[in-house]
Amino acid sequence: MAPSRLTPLLLLVLVIILWAPSGSSGSDVLDSGCLKVPASEFAISLKSTIGAVQQVTSIVSKFANTFADFRLSNAISDCLDLLDLSDEELSWTLSASQNPKGKDNSTGHLSADLRTWLSAALINQDTCMEGFEGSNSIVMNLVSGGLNQVTSLVHDVLIMVRQVQDSKPNSKGGRSGGSNGSGHPGRKLIKSSDDFPYWVKSKDRRLVQQNGNGGVSADAVVAADGTGNFTRVMDAVLAAPDYSTRRYVIYIKKGVYREYVEISKKKWNLMMIGDGIDVTVISGNRSFIDGWTTYRSATFAVKGKGFIARDITFENTAGPQKHQAVAFRSDSDLSVMYRCAMRGYQDTLYAHSMRQFYRECQISGTVDFIFGDGTVVFQKCQIVARKGLPNQKNTITAQGRKDPSEPTGFSIQFSNITAEPDLLASVNSTPTYLGRPWKLYSRTIFMQSYMSSAIRPEGWLEWNGNFALDTLCYREYMNYGPGAGLSSRVKWPGFHAINDSAEANNYTVAQFILGNSWLPSTGVKYTAGLVV
């Protein structure tokens with residue numbers, strides 16, 4: 001009969017329809033364009049790593065609420081939070097690798113996204129271990145083996161991802177324009193929409209750029225005087241929806257809010273708007289000396305992706321004698337800080353992980369006051385060294401890249417590197433350096449920035465003897481001012497001044513911050529992101 005003769009044909013048509021598209025746009029594309037191994041092998045490795053994270057979490061959780069030691073309890077809490085973060089970041093990686101065309105609030109650049117999330121998962125276990133410093137070493141010894149195993153497994157997954165150069169058009173903040181024919185970068189007028197990474201939506205740009213708050217439609221208002229929905233910032237955060245795919249705006253009226261704010265990983269797309277630097281202030285004073293881990297000492301901490309803040313000061317007033325005391329800590333992917341201040345002394349700004357963009361911000365401190373393992377660009381920021389303890393050396397950065405496969409690093413561009421007046425008056429007694437290598441592959445670039453006389457002629461400081469001097473990546477390009485002279489800079493193998501635009505291009509906002517595709521735009525037409 002006719003139906004039975006058509007059945008094989010129908011089956012063949014169905015096979016062609018169902019099979020052909022997946023062969024051209026699914027895992028095969030992922031294999032060839034993004035991974036060095038088959039997608040199936042990548043998924044198996046990820047699932048195994050997630051299982052290891054969960055096993056270690058089970059071990060660490062047995063120590064929770066067991067010890068009276070305050071610092072040790074904080075270290076255990078840190079570990080559980082950080083392992084939970086690793087679990088989530090690995091799960092994002094698995095989901096994105098199995099659904100390559102899914103946006104899921106990421107950049108759409110799969111290689112960049114995977115490498116960013118895996119780099120974050122790589123560093124979390126180190127941060128957990130660092131929290132045990134100064135506490136009972138028995139617990140650290142019991143959990144260190146499992147943590148090191150997780151780190152090793154994450155590393156093995158990370159090196160399976162191929163770095164894919166971006167080729168998005170200039171209008172999207174992707175690879176910018178070419179040479180103007182003379183070997184020098186060209187310039188175009190900076191448009192307001194080009195001042196932010198392309199992943200900042202136009203509606204969010206308008207919110208960020210508005211002058212004053214009269215035109216902002218806030219979802220919640222925080223006011224110390226009781227004229228809002230809340231009197232505490234943290235209460236407004238807790239009331240915000242979880243996993244929101246739309247922007248949720250919290251307006252914080254003028255005042256000093258003495259509280260600790262922790263935005264969990266579930267609070268996506270929060271935006272906080274204040275009344276201005278030093279007008280809206282969130283203030284705390286936790287410190288290492290008082291029993292807090294560095295990670296837990298933060299006055300304000302955010303994990304939820306897509307965070308934006310504008311016109312707010314975040315401060316830690318513990319003082320230099322209390323050592324590590326974080327004002328602002330971020331693990332928020334695709335986050336923006338605009339016209340904000342981070343004030344503290346040692347370890348002011350903890351850019352712990354993920355892709356972050358700081359524009360027109362004020363950042364002040366003494367020792368390692370911009371540190372962490374995020375992939376971060378600072379543009380048009382005021383970076384100000386302060387007077388700390390007697391005979392103390394100031395270091396602006398301590399970038400924490402531990403593996404050469406990580407895309408992480410700090411790029412500081414179009415900024416003002418200086419010191420407070422009392423320090424400028426005594427630069428010989430308190431030397432200030434651009435940075436020192438916290439981890440083996442520390443990477444920091446200063447470009448096209450003003451450097452005052454506060455910066456020592458050597459420029460950079462050792463961490464401990466010869467540690468990382470061969471493997472670090474420190475670069476300077478076209479800086480100016482009395483502290484920018486290069487003739488007396490350190491002679492380390494890992495440092496050099498950049499003399500040609502071809503090399504400098506690797507560290508522009510376009511190439512370095514998304515050396516693998518997230519590319520925030522400076523609004524400048526460049527040979528590769530450089531200004532003459």
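**View 1. Glu 259 is a buried residue, at 6% relative accessibility.** Buried means under 20% relative accessible area, exposed over 50%, and partly exposed in between, with a 1.4 Å probe and protein chains only. The model is predicted: local features need pLDDT of at least 70, side-chain atom pairs count only at pLDDT 80 or more, and totals for chains, interfaces and linings use all residues. Residues are numbered from 1 along each chain as its sequence is written, and side-chain values use heavy atoms, with hydrogens and water left out.

The side chain of Glu 259 meets that of Arg 232 in a salt bridge, at 4.0 Å from N to O. This pair links distant parts of the chain, 27 residues apart: Glu 259 sits in the loop between strand 3 (255-258) and strand 4 (261-263), and Arg 232 in the loop between strand 1 and helix 8. A salt bridge here is a side-chain nitrogen of Lys or Arg within 4 Å of a carboxyl oxygen of Asp or Glu. Helices (H or I, at least four residues) and strands (E, at least two) are DSSP runs, numbered from the N terminus.

Arg 232 also forms a salt bridge with Asp 235, where the closest N and O atoms are 2.9 Å apart. Arg 232 is partly exposed, with a relative accessible area of 36%. Asp 235 counts as partly exposed too, because its relative accessibility is 30%.

**View 2. Strand 2 (residues 248-252) is mostly covered.** Five of its five residues are buried. Both faces are covered: Tyr 248, Ile 250 and Ile 252 lie on one side, Val 249 and Tyr 251 on the other.

Strand 2 pairs with strand 1 (residues 220-222) in the parallel sense, over three bridges. Ile 252 of strand 2 is the bridge partner of Val 222. Strand 2 also runs parallel to strand 5 (residues 270-273), joined by four bridges. Here Met 271 in strand 5 is the bridge partner of Val 249. Two strands pair if DSSP finds at least two bridges between them.

Strand 1, helix 8 (residues 233-239) and strand 2 make a right-handed β-α-β unit. Right-handed means that, with the strands pointing away from the viewer, the path from the first strand over the helix to the second runs clockwise.

View 3. Helix 5 is mostly covered, with 19 of its 21 residues buried.

**View 4. Glu 476 and Arg 489 form a salt bridge.** The closest N and O atoms are 2.7 Å apart. The pair links distant parts of the chain, 13 residues apart: Glu 476 is in strand 25, Arg 489 in the loop between strand 25 and strand 26 (495-497). Both Glu 476 and Arg 489 are buried. Elsewhere, salt bridges that share partners join Asp 126, Glu 130, Lys 402 and Lys 439 into one network. The whole structure holds 25 salt bridges.

**View 5. Leu 440, Trp 463 and Phe 467 make a nonpolar surface patch of about 230 Å².** Patches are made of residues with over 30% relative accessible area and no salt bridge; like charges are joined within 9 Å, nonpolar side chains (Val, Leu, Ile, Met, Phe, Trp, Tyr) within 5 Å. Accessible areas come from the Shrake-Rupley method with a 1.4 Å probe; for residues, only the protein chains shown count as cover. Phe 467 is found in the loop between strand 24 (450-451) and strand 25 (473-477). Phe 467 has 32% relative accessibility, so this residue counts as partly exposed.
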